[in-house]
Amino acid sequence: MKLPEISIKNYQFTIMLYLLLVTFGIFSYLSMPRSEDPYVEFPMAGVWVIAPGISTIDMESAIADPLEERLNGIEGIDLIHSSIEDGLLMVQMEFESGTDMEQTKTRIESELTEAEKVFPSGVVDTEVWTADILFVKVLQVAVSGKNYELRDLWHYADMIKTEIQNVDGAKDVEVLGYPGEEVQIQVNPERLSQYNIPLIRIYGILQANNTNIPAGEVYIGNRKFNLRTSGKYESLKQIGETVIGAYEGKPVYLKDVATVDYVYGDPRYKIRYNGDNALVVVAEQQKAKNLLKIDEDFKKALDSLKQRLPRDLKVDVFFAQADSVKRRTSSFFMNLLQGIILVGVVVFLIVGKRPSIVIILAIPVSLITAIGIINISGFWIQQMTISALIISLGLLVDNAIVITENIQRYIDNGYSRLEAAIKGSNEVGWPIVSATATTVLAFVPMILMKDHAGDYIRSMPIGVAITLASSLLIALTLSPLLSRYSLKPTNNHKKDFAKNYFMRFIENRYKPLISKALQKRKMVILIAVVVFVITVSLFPLVGVSFFPPSDKPLMLVNVKLPQSASLEKTESVVNEVEKLLQDEPWVMNVVSNVGRGNAPVFYNMGGAKQIKNFGQILLILDPKINIDQITEFSKELRTKLDVFPEAKVEVKQFIEGSPTDAPLEIIVIGEDVDVLRKISLDVAKIVEETPGCINVDNPFELASTDLKLSINREEAMMLGVQIVDIDRVVRMAVSGLVVGNYQDDKGDVYDMVLRLPDRHQNWIENINKIYVPSASGYEIPLTQVAKIEFVPGYSIIHHRDLQRAIKINADAFGRDVKKINDEIAQKLDAYEFPVGYKYTLAGEEEARGESFSSMMTASIIAIIGIFGVLVLQFRSFMQPVIIFVSLPLAIIGSIYALLITGYTFSFTAFVGFASLIGIVVNNAIILVDYTNKLLADGMELGEAVIQAGSIRFRPIISTTLTTIGGLLPLTLTGGELWAPLGWVIIGGLLVSTVLTLLVIPVIYYILTNHLKKAKAQ
């Protein structure tokens, strides 16, 4: 190992190198983007199709089936599942990891365009989306006022939208809640009947009279002119004066049978803010842009704009993700600062003043250097990269401690400071390279995880690897250089309390203990094995989970009514729920969405579901509330809101982790919808009776009834009535039909919609007055060729890989999700499903299975990789096996740590264990390597084992305590997400360190002695 010697002898270059790295790191920190979460592009995409008035069954046969068949042929698709409701189709596709989602989105759009050719009329909107973590609406501004019409609110909301669009870093700015205006032509069916004019004729006349056909070019002299026709309507009056027929020899005008006016379009959803009608302006964050700067710029612009707005207009930023980012980054950096202080104190107490200066200097230099490298790696400051720095904090000083301790030992043995710096660094150089490599290898496989959770955490293991690599470079270059100039002999320093304490402990306690352990080797091994077996048997008591609830001060309340409920009925129930919520002390603001879900405020929150019988209320809670209070508050709300017999009200906490509809999802697959309905009722009952299940949602729980228009095709053919005319007439009567567009003198364009008035209240009565044209020219009553009948309806149908399915969802409360799933699965296995029907568990069970499987693969790869590095270092298979004994010893500590603290074995706990694999072997590496050196110098085996343990005792304890000290603040204050990771590492490291200092020497003695005897024979 020549690197320490090179850095010492070329100290000028070493100093300038670190001056450059530190400067670059500082500027990187100041300029790096900030966000709450890492940027993740999920291999997911989907399609929305909105077609108001089309029943679930018709949506399935006419839209979902042809669309799914086309989408299923796209390369790389893993799973396609659809949710089909009255007027709404949501198709979600999951692709293989690494799929180019930009190209895939283009292919999906192409397939949708082809499928649209066979869609029925009535589709009002389609959308293709791909999933990345930046879909969260990071800015949400409510615009409300008791004395303002929607069009007035729209005017001011549009002003705010313009301000946000001008902010660098904001994207996809839109105004939600405004139905828009249209030119409505409301036809009086009685007047039509009086004049014997069919509704379909008006449709054709309006289309024919509102067409601009270019007339071409004309020449007058030497000049060319474009000839414009006057086919387009120029005023509403002109529309009303359109001749639509004749009666008793006089022309009949449109205004005689209809009103023409600007009218709000049918509201597909409504928004209320703290009880007032509102519009909401939302915006997303551009990739690699600083969210804090976006927020700062927007609020400055908004403050300026408010001076031009009416004083009684309420403009409230009710959600700004930047506020959460500030709190979270502040908390994380406080954890980092606390960790640095703790590590510094531990180092100072154990190694003394002068060595501690060298070691502690490695902390800021390593962290700042790592920040610079993280920046050029394409990551930015968010909770994963900050947590990487915190996790690395205790580890990054390990190398500096080992180097500095060894240099100090050589100085104390009489070597000059230059000789000691070179010789001491060279001696342990390769062991710390190997130790760092093993630690990094434990994190590298996590980078390769191919699932949503792996994508989300990827910047954390990358950050750890970068920080540890930086610390290794510093330990091999800067630490030896600083040691040469700062360390002095300590043999005569009797006031070195820490060193004296360790020396007394080693002589009086440790050496006698290890000597006794070597004498009773079999007993030591037996005790270790028994403790390990007992501990593993206790693992079921720990429990298994995936991700914990989020500690964000937000909560959702979902309100679900029967499918037959109108938007007005849904609104009335949502308003009643809203009134109960506004008086709650924890609630700061209430945002109610009727007919649609709230715009996303959390990285795994699903898209805004839009359907008339659904409402969602976003509760903005007091920022001072903690996770335990949120959980208790949600429990109280469930009791208070269980008073609406006509609706199902669900209180939902946000959950960390992969996006799922609910933690508990049971999907029943089969063909016949009626059979699925019966099974779903049984399955829902099983779920409801299982302890710990709340918010059980079975779409088939509430029966639905549809109106069906049955056309007598034989009668229609005999009378010469075309089926297409019947469909158009019914469409106009039910939802209205766009017959063109109208542009006013300001240049604004409006849809021209032909429809009947009061269709929601008097639809059946109006249908009886509708006529359709026949081939003979006579007007035939619609009821003569069609009849209205009530038929059973279906609230929702799911498809999973093009098969019909039904999904029963539930949340978990007070019990481990895995235990609930296992109990439900046991009951469903005993349930007699009809032939051709089966169930599968999705939700958290599916996501956890994928993630844990990927993590297990990563752990196995890490173990094999670490073993390979150790074989390379020690040129032996036996000694890596000795070192690997520390892994089961670490498991003992991890399980007891989770048991004592009450945390389950969650995904982050698994991450902690995978990290622990590389951390705990370092102590064993240091111990085994030095024992080998003593044996090579001719020392007897037993004495070498005792001497190696005694000399390496203080560095091992030091590195353990610094690692724990660095992690402790995050563990104690990092909440439900990070605490399990911290406790797994702390518990595993504590127990493995203590046992490593006893068990590893015993195993080393047994195997080495056995190998010597084998060679002798």
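**Figure 1. Burial and extent of the predicted protein model.** Buried residues, defined by a relative accessible area under 20% (1.4 Å probe, protein chains only), make up 55% of the 1017 residues in the protein. This is a predicted model, in which local features need pLDDT of at least 70, side-chain atom pairs count only at pLDDT 80 or more, and totals for chains, interfaces and linings use all residues. Residues are numbered from 1 along each chain as its sequence is written, and side-chain values use heavy atoms, with hydrogens and water left out. Along the principal axes, the C-alpha atoms fill a box of roughly 125 × 80 × 55 Å.

**Figure 2. Helix α11 and the residue that follows it.** The protein contains 34 helices and 30 strands, which are DSSP runs (helices H or I, at least four residues; strands E, at least two) numbered from the N terminus. Helix α11 covers residues 321–351. Its 31 residues should span 45 Å at 1.5 Å a residue, the expected span being 1.5 Å times one less than the number of residues. The end C-alpha atoms of α11 are 44 Å apart, which agrees. Gly352 follows α11 and has a positive phi, near 95°.

Figure 3. Thr438 is found in α14, which comprises residues 417–447. Thr438 is buried, with a relative accessible area of 0%. Contact means heavy atoms within 4.5 Å. Not counting residues up to four places away in sequence, Thr438 touches Ile866, Val869, Leu870, Gly918, Val921, Asn922 and Ile925. In the protein, 81% of contacts between residues at least 6 apart in sequence join residues at least 24 apart.

Technical notes: Buried < 20%, exposed > 50% of the residue type's maximum accessible area, 1.4 Å probe, protein only.
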